[in-house]
Amino acid sequence: MDRLLFLKRSEAVGLLVLITLLVVVLPLSLDIFRLNLVGKYLTYSFVAIGLVLCWGFGGILSLGQGIFFGLGGYCMAMFLKLEASSVENTKIQSTPGIPDFMDWNQITSLPWFWVPFKSFPFTLAAIVIVPAVLCFILGTAMFRRRVGGVYFAIITQTVAAILTILIVGQQGFTGGINGITDLRTLHGWDIRTDHAKYILYFVNVAALIACLLFGYTVRHSKLGRILVAMRDKEDRVRFSGYSVAGFKTFIFCLAAVLAAIGGAMFTLQVGFMSPSFVGIVPSIEMVIYTAVGGRLSLLGAVYGTLLVNAAKTAFSESFPQLWLFGLGGLFIAVVLAFPNGLAGIYDSYVAPHIAGLFKRGRAPKPGSGVPQSTPAE
Amino acid sequence: MNAQHIIGQMAPDFLLSVEALTVSFDGFKAVDDLSLYVDKNEIRVIIGPNGAGKTTVLDLICGRTKATEGSIKFKGTELTRLSENQIVLAGIGRKFQTPSIYEDLTVFENLEISFPRGRSVFGALTFRRDREVIDRIEEIAEMIFLKDDLEKRGEYLSHGQKQWLEIGMLLIQDPELLMLDEPVAGMSVSERKRTAELLHKIIKGRSVLVIEHDMKFVEDIAHRVTVLHQGKVLSEGSMERVKNDPKVVEVYLGH
């Protein structure tokens, strides 16, 4: 049996190993502080999975995934902030019932675009719809005009910069450079306790596995093969009757929605959202996670994110000034020496040995074991 | 009623009618006031010296280049306003001069992408590789001499095999008008022979527009020949007539 549902056997095994690691090994071996950190890293891997689909397979390099991570995160943060800003909690403010930073900025009533975020179902829908709509507009505008490659990357980066400046500048509406902080409860459930952190970690892992499975569905559908074909020969795809702009917009939107889900999970686990996760630097870091993990491997993206972030935490605790050089050096090393990242290293050096182990255990198939050098009669 | 009948006779049903087509690149007219009519089931070969505008004509028909002036009608539909993929859906297939296949995909997957079903985003996501698809791909693969290479990746094919694969990708698309840009260029003698054989097989039941330099090959397949020179039609008719046209001999065949 070579296929399990729609997964290849090696992929199903890889996924099971990842699930075991995330659900059993890490929770049993780490304290809640470290586990919460892993949960935070995992929220970036949603972005990395999106980048594998969009950049690795589709060839569309977006240097602005922080935009969508931020949008998802901010949507969730707005809901949590409104819940934390009940009239009783904020009765010392000159206008009770609005978030504290609005009060500090002399805003006296809740802005109109904050009002719908009182509803949790609306917030959940907005986490998906807001980035998808923005992406659809950006994608349609650029892909229809055949803007691609470096130009596309630069434009996405510009949008990331614009959004950061907008958030920082509109302090009264967005919380400014500090972001939206002091988030406490979700439907009255305190998200800051250890117990809540455990639960959120597992919700996060479940969402991640669901996104991975969806990623594999796309990868193994004809859509996945069209993405590869587009990366290879865009014109030929067009002359086979496909709307290239439509497919590119779709995969760009899909990557954005995945990033937004990651952003929302980030806010829930970390307890705040700020513009420092939206701009150019975090967006590029997310591309580095993907490159290190292997831009053609969905599982690699998860491991790449975990490893780079673990290294970041370890290094920046001991050598804070050196970390950024280390990250840059890592990126250059990966691009030059291992263009397919960790997944590429695994495929060329580790997988053959594992396959060899399994083969040795099995009886040789009849007819297949004839050495080629056997002389003919 | 009577009037309609007369109009019907005055504008006979060409499959493809190109009229007064002009395209200029920064003032240089690559195609200049060109008119061309292709009948149903006709095999038309376009010849001409380098830079005569042959490939540009194909580019214009398939929508890769936008016309400056003029009209291209395919079965009564104006093509100059459609996008490339809409032109493909209207029933026109194009083979490029250099083999244009997906190197990262297998021969099977190359053909599968060209199978005319599931061309929308959602359609591609829910596309199933069913019996019909597999049978059709195997049938085409046999025709293009690649039956034993279905699982081979595109990049490992020889130049001639890549050309065949691209022809196969067009075949599975089943276009009413097939446009081939130098299908035997760069092929070995034996590959060339098999390609001629293949083309003879696939041109049945459709119109074909071919650009080719190999005169023996042209003579072999053409119903009618159009000679282009500096973006204009220099001569048109049967191979016999064109060969003996003094203008053609002077600019093209004489060398």
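## The interface between chain A and chain B

The count of salt bridges between chain A and chain B is 5. The structure is a predicted model, and every value in this report was computed from its atoms. One of the salt bridges joins the side chains of Arg225(A) and Glu112(B), with 2.8 Å from N to O. On the side of chain A that touches chain B, the elements that give two or more residues are helix H9 (222–232), helix H10 (234–238) and helix H11 (244–270) of chain A. H9(A) provides the largest share of that side, namely 8 residues.

In terms of contacts, 24 residues of chain A meet 33 residues of chain B. The two chains bury about 2500 Å² between them, and carbon and sulfur atoms give 59% of this area. Within chain A, the residues that lose the most area to chain B are Lys222(A), Arg236(A) and Phe239(A), which together account for 31% of what that side buries.

## The six-stranded sheet of chain B

Strands of a sheet pair through backbone hydrogen bonds, either parallel or antiparallel. In chain B, 6 strands form an open sheet with mixed pairing, in the order S6-S7-S8-S3-S9-S10. Its edge strands are S6 (92–95) and S10 (232–237) of chain B, each of which pairs on one side only. From one strand to the next, the twist averages 15 degrees.

Within this sheet, strand S3 (residues 43–47) and strand S9 (residues 224–229) of chain B pair in the parallel sense over 4 bridges. Ile46(B) stands opposite Thr226(B), a residue in S9(B). Two helices may be described together with this sheet. Helix H2 (residues 54–62) of chain B packs on the sheet and touches S3, S6, strand S7 (177–181), strand S8 (207–211) and S9 of chain B. The direction of H2(B) makes about 145 degrees with that of S7(B). Helix H11 (residues 246–253) of chain B also packs on the sheet, where it touches S3, S9 and S10 of chain B. The direction of H11(B) makes about 120 degrees with that of S10(B).

## The four-stranded sheet of chain B

Chain B also contains an open sheet of 4 strands in the order S2-S1-S4-S5, with antiparallel pairing. Strand S2 (28–38) and strand S5 (77–78) of chain B each have a single partner strand, so one side of each is left without a neighbour in the sheet.

Strand S1 (residues 16–25) and strand S4 (residues 69–74) of chain B run antiparallel and are joined by 5 bridges. Ser17(B) stands opposite Lys73(B) in S4(B).

Thr305(A) is found in helix H13 (residues 298–318) of chain A. Its relative accessibility is 0%, so Thr305(A) counts as buried, the limit being under 20%. Leaving aside residues up to four places away in sequence, Thr305(A) touches Tyr41(A), Tyr44(A), Ser45(A), Ala48(A) and Tyr289(A). The C-alpha atoms of Thr305(A) and Val292(A) are separated by 8.0 Å, and the two residues are 13 residues apart along the chain.

In chain B, Asn110(B) lies in helix H4 (residues 107–114). Asn110(B) counts as buried because its relative accessibility is 0%. Apart from residues up to four places away in sequence, Asn110(B) touches Ile101(B), Tyr102(B), Leu105(B), Leu165(B) and Met169(B).

## Positive phi angles in loops of chain A

Most residues other than glycine have a negative phi. Arg146(A) is not a glycine, yet has a positive phi of about 60 degrees. This residue is placed in the loop between helix H5 (120–144) and helix H6 (149–169) of chain A. Arg146(A) counts as partly exposed because its relative accessibility is 46%.

His187(A) also has a positive phi, near 50 degrees, and is a residue other than glycine. His187(A) lies in the loop between strand S3 (185–186) and strand S4 (189–190) of chain A. With a relative accessible area of 59%, His187(A) is exposed.

Conventions
Residues are numbered from 1 along each chain as its sequence is written. Chains are lettered from A and ligands numbered from 1 in the order in which they are written. This is a predicted model: local features need pLDDT of at least 70, side-chain atom pairs count only at pLDDT 80 or more; totals for chains, interfaces and linings use all residues. Side-chain values use heavy atoms; hydrogens and water are left out. Two strands pair if DSSP finds at least two bridges between them. Axes are lines fitted to C-alpha atoms, for helices over the stretch in contact, and angles run from 0 to 180 degrees between N-to-C directions. Contact means heavy atoms within 4.5 Å. Buried means under 20% relative accessible area, exposed over 50%, partly exposed in between (1.4 Å probe, protein chains only). Buried area is the accessible area (1.4 Å probe) that two parts lose on being put together, summed over both. A salt bridge is a side-chain nitrogen of Lys or Arg within 4 Å of a carboxyl oxygen of Asp or Glu.
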